[in-house]
Amino acid sequence: MTQTNVQTRGGCAGARMMDLSDTAPEGEVLEGTRPSQLRQWPVQLHLVGPMAPYFQNADVLLVADCVAYSIGDFHKDHLAGNSLAIACPKLDSGSEIYRQKLTALVDEAKINTLTVMTMEVPCCAGLLRLAQSAVGQATRKIPVKSKVVSVRGEILSEEWC
Amino acid sequence: MDKYIKMDVKPLIETFPKVGEILERYGIGCVPCTVGTCKLEDVVKFHTLLPQDEAEMMFQIEKAIYPERDVPRPQVQLAAEPPRPREITYSPPVRRLVDEHKWIKRLLALIPDIVGEIRASDEIDSELLLATVDFIRGYADRFHHLKEEDILFDYTDRNATIVQVIFQDHDRARGLVRAIVQAVEDDDRDALCSNLINYRELLTEHINKEDKILYPYIDRELTTSQVGKVFRRFEESENGLADDIPQKYEQFILSLTDRFQGEQVLQ
């Protein structure tokens, strides 16, 4: 069995090992720098506070942990102009606290929109369900968008919920 | 060819009827449009055909206008692989407008029944007709069209031909409603029936233009943040209305449906 291009079969799709090293574009030279588009700290959903100034009336990006590593231009194409919270729907504990915090973002921070970015693996879909549940419980209503990302960083779907 | 690309599509089709057939073949319904002031170049832009379809359509149009000319067939470079499809549905505020169209379409579907009753009855049922006018003015116009004119169109070019066409449709619809009211006051059945039928035809075509062309066109240009702002402004405008709106108008349509069709089913 070779050590590259090994792909195990079966088991959890979110944890299935994939070697993507030989699918990287050939001859690509990575040079230059881009400024960070992050305009807040912290970012983890357990740590952020709904009353933080960067959430007031903001467009918020709720991103599954792995997404930013999959998308080469995450800061430029997705984070720019948005406030951020990250979470893992599979491994993080305290989902009820997450739900309450998201509801508070809608009702108290009066956020403008919520865009949920998840990976294509099935375990990630729980983050969108959590967000929809939280928005459903809020008094205010806001538009919610879902973006699903492939392990190769492509946007597989982008739609309003 | 440039002068024809910048020409209003209605006179273009009248001069070259084959152009209308070609547009219809590509799903572009300019032939039945009663306004027809969109330029051909705008029509092509609003419909966002695939590059190869657009090139082929323009080739056929040029051949129709200049049959004796040797027009080269377009060579469109396609990407090596088609991009993975990214599907975007109507944004939530625009979807709300599409959903409101369903109630207006229910009324339009009942107009033939209303006209039939007018023609068959000894007396005009002015109460029914004025209630219908109240639905049109209160729901179709104040509740629905004002969201378009006062809010949604802030996020697009109001001078774009498709938007101007929509404004003209709104004005013509308001004129027809005034004529309907006048016909009721004058007890003029012929004018009443004619204006109701004209209103139905105008709004049917108008709703089709909005759902299939205008709304997707505006939606493509809206940023996520703008969608949120439009959504919030729609909510605020509706919160400023009386508590029973839009429910009273929706109930009117249900009762009208029951009266003429014996069932309260919203399709």
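Visitor: At what angle do helix α3 and helix α5 of chain B pack?

Guide: Two packed helices are described by the angle between their axes and the distance between those axes. Here, helix α3 (residues 17–25) and helix α5 (residues 51–65) of chain B pack at about 165°, and their axes are 9 Å apart. Axes are lines fitted to C-alpha atoms, for helices over the stretch in contact, and angles run from 0 to 180 degrees between N-to-C directions. Helices (H or I, at least four residues) and strands (E, at least two) are DSSP runs, numbered from the N terminus.

This is a predicted model, in which local features need pLDDT of at least 70 and side-chain atom pairs count only at pLDDT 80 or more, while totals for chains, interfaces and linings use all residues. Residues are numbered from 1 along each chain as its sequence is written, chains are lettered from A and ligands numbered from 1 in the order in which they are written, and side-chain values use heavy atoms, leaving out hydrogens and water.

Visitor: Which relative direction does that angle give α3(B) and α5(B)?

Guide: The angle makes α3(B) roughly antiparallel to α5(B). Angles under 35 degrees count as roughly parallel, over 145 as roughly antiparallel, 65 to 115 as roughly perpendicular and the rest as oblique.

Visitor: Is the crossing of α3(B) and α5(B) left-handed or right-handed, and which residues of the two helices meet?

Guide: The crossing of α3(B) and α5(B) is right-handed. A crossing is left-handed if the near helix is turned anticlockwise from the far one by less than a right angle, and right-handed if clockwise. B:K18, B:V19, B:I22, B:L23 and B:R25 of α3(B) meet B:M57, B:Q60, B:I61, B:A64 and B:I65 of α5(B); contact means heavy atoms within 4.5 Å. The residues of this contact comprise seven nonpolar, one polar and two charged. Ala, Val, Leu, Ile, Met, Phe, Trp, Tyr, Cys and Pro count as nonpolar, Asp, Glu, Lys and Arg as charged, and the others, Gly among them, as polar.

Visitor: What angle and axis distance describe α7 and α8 of chain B?

Guide: Helix α7 (residues 126–150) and helix α8 (residues 161–186) of chain B pack at about 165°, with axes 11 Å apart. The two helices are therefore roughly antiparallel to each other. The crossing of α7(B) and α8(B) is left-handed. Among the residues that meet are B:L129, B:V133 and B:D141 in α7(B), and B:F167, B:R174 and B:V181 in α8(B). By class, this contact has nine nonpolar, three polar and six charged residues.

Visitor: How many helices and strands does chain A have?

Guide: Chain A has four helices and five strands, and along the sequence the pattern is β-α-α-β-α-β-α-β-β. Of its 161 residues, 45% are buried; buried means under 20% relative accessible area, exposed over 50%, and partly exposed in between (1.4 Å probe, protein chains only). Among contacts in chain A between residues at least 6 apart in sequence, 67% join residues at least 24 apart.

Visitor: In what order do the strands of the sheet in chain A lie?

Guide: Strands of a sheet pair through backbone hydrogen bonds, either parallel or antiparallel. In chain A, five strands form an open sheet in the order β2-β1-β3-β4-β5, with mixed pairing. Two strands pair if DSSP finds at least two bridges between them. The edge strands are β2 (83–87) and β5 (155–160) of chain A, each of which pairs on one side only. From one strand to the next, the twist averages 15°. Strands β3 (residues 113–119) and β4 (residues 144–149) of chain A run parallel and are joined by six bridges; A:T115 stands opposite A:K145 in β4(A). Helix α10 (residues 224–239) of chain B lies across β1 (59–64), β3, β4 and β5 of chain A, at about 140° to β3(A).

Visitor: Which residues of β4(A) are buried on each side?

Guide: In a regular strand the side chains alternate between the two faces of the sheet. On one side of β4(A) the buried residues are A:V144, A:S146 and A:V148, and on the other A:K145, A:K147 and A:V149. Six of the six residues of β4(A) are buried, so the strand is largely enclosed by the rest of the structure.

Visitor: Which residues are joined by a cis peptide bond?

Guide: Most residues other than glycine have a negative phi, and most peptide bonds are trans. A cis bond joins A:W41 and A:P42, with omega about -5°; A:P42 is in the segment before β1 of chain A. Another cis bond runs from B:I245 to B:P246, with omega near 10°; B:P246 is in the loop between α10 and α11 (247–261) of chain B.

Visitor: What is the phi of A:N57, and what is that of B:D187?

Guide: A:N57 is not a glycine, yet has a positive phi of about 55°. A:N57 is exposed, with a relative accessible area of 57%. B:D187, also a residue other than glycine, has a positive phi near 55° and is in the loop between α8 and α9 (189–221) of chain B. B:D187 counts as exposed, at 51% relative accessibility.
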